[in-house]
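Try each task before you read its solution.

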Amino acid sequence: MGSDANAVTMESLIYWRSPARSGAALGAGLALLIALACCSVVSVLAYASLLALSAAVAFRIYKNVLQAVQKTNEGHPFKWLLEQDISVPAERAQSLAAAATAHLNAAASELRRLFLVEDLVDSLKFGVLLWCLTYVGACFNGITLIILGWIALFTLPKAYEMNKAQVDANLELARGKINEISAKVRAAVPLGRKSESEKDK
């Protein structure tokens, strides 16, 4: 139930169901990433924590003074937060660990298949991808790519939703061309695929 709610919340953010929340999430993420690009992780964490602590202390002092002036006893201003249960359920932790392990095993199996050239065409495609990434790495550093990815996360899904028919048609055309080229390469290079006898083993 919790994972479904988180998925719905994330989907509503990236599809801009609530523009105010989506804009706040995009802006907060960009601010954090830009800060990380300019300063070290330790500095960003220290300054962010110091800012949060200063705000909490100032609010606590303000509420105490207000209660003293009005002669009221409303209690701790953060009582509702202090009473919240923030512990991670064991079942949730186990499910996350199981999901992470499954993804890790799948990635390791796929990389082994590509690097050991189980399928020549797929390995060549992977090589072309790595070659393209060398140019991407020469133009952008890691944090810049993360910033671009964060912006894309909040723009591409919505753009796709608004232009789904046209994008799907173009993707299908591109997929057909790629499959056509792959078929020609596999026909020309028998090692591009495993033989039927190897598949039966």
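**Exercise 1.** How many salt bridges does the structure hold?

*Solution.* First, some ground rules. This is a predicted model, where local features need pLDDT of at least 70 and side-chain atom pairs count only at pLDDT 80 or more, while totals for chains, interfaces and linings use all residues. Residues are numbered from 1 along each chain as its sequence is written, and side-chain values use heavy atoms, with hydrogens and water left out.

Next, the criterion: a salt bridge needs a side-chain nitrogen of Lys or Arg within 4 Å of a carboxyl oxygen of Asp or Glu. Count them up and you get 8.

**Exercise 2.** Find the partner of Arg17 and work out what the pair ties together.

*Solution.* Step one: Arg17 pairs with Glu161, with 3.0 Å between the closest N and O atoms. Step two: Arg17 sits in the loop between α1 (2-14) and α2 (19-38), whereas Glu161 belongs to helix α7 (residues 142-162), so the bridge links parts 144 residues apart in sequence. (Helices are DSSP runs of H or I with at least four residues, numbered from the N terminus.) Step three, accessibility: buried means under 20% relative accessible area, exposed over 50%, and partly exposed in between, using a 1.4 Å probe and protein chains only. Arg17 is partly exposed at 47%, and Glu161 is partly exposed at 33%.

**Exercise 3.** Where do Glu172 and Arg175 lie, and how far apart are they in the helix?

*Solution.* Both are in helix α8 (residues 164-188), 3 residues apart, which means about one helical turn separates them. Arg175 is partly exposed, at 41%. Elsewhere, salt bridges with shared partners join Glu110, Arg113, Glu118 and Asp122 into one network. Within it, Arg113 and Asp122 have their closest N and O atoms 3.1 Å apart, and Asp122 is buried at 19%.

**Exercise 4.** Describe how α7 and α8 pack.

*Solution.* Start with the geometry: the axes, lines fitted to C-alpha atoms over the stretch in contact, are 5 Å apart, at an angle of about 95°. That makes the helices roughly perpendicular (65 to 115 degrees). Now the contacts, meaning heavy atoms within 4.5 Å: Tyr160, Glu161 and Met162 of α7 meet Lys164, Val167 and Asp168 of α8.

**Exercise 5.** Which elements make up the protein chain?

*Solution.* Tally the elements: 9 helices and 0 strands. Then check burial: 11% of the 201 residues are buried.

How values were computed
Helices (H or I, at least four residues) and strands (E, at least two) are DSSP runs, numbered from the N terminus. Axes are lines fitted to C-alpha atoms, for helices over the stretch in contact, and angles run from 0 to 180 degrees between N-to-C directions. Angles under 35 degrees count as roughly parallel, over 145 as roughly antiparallel, 65 to 115 as roughly perpendicular and the rest as oblique.
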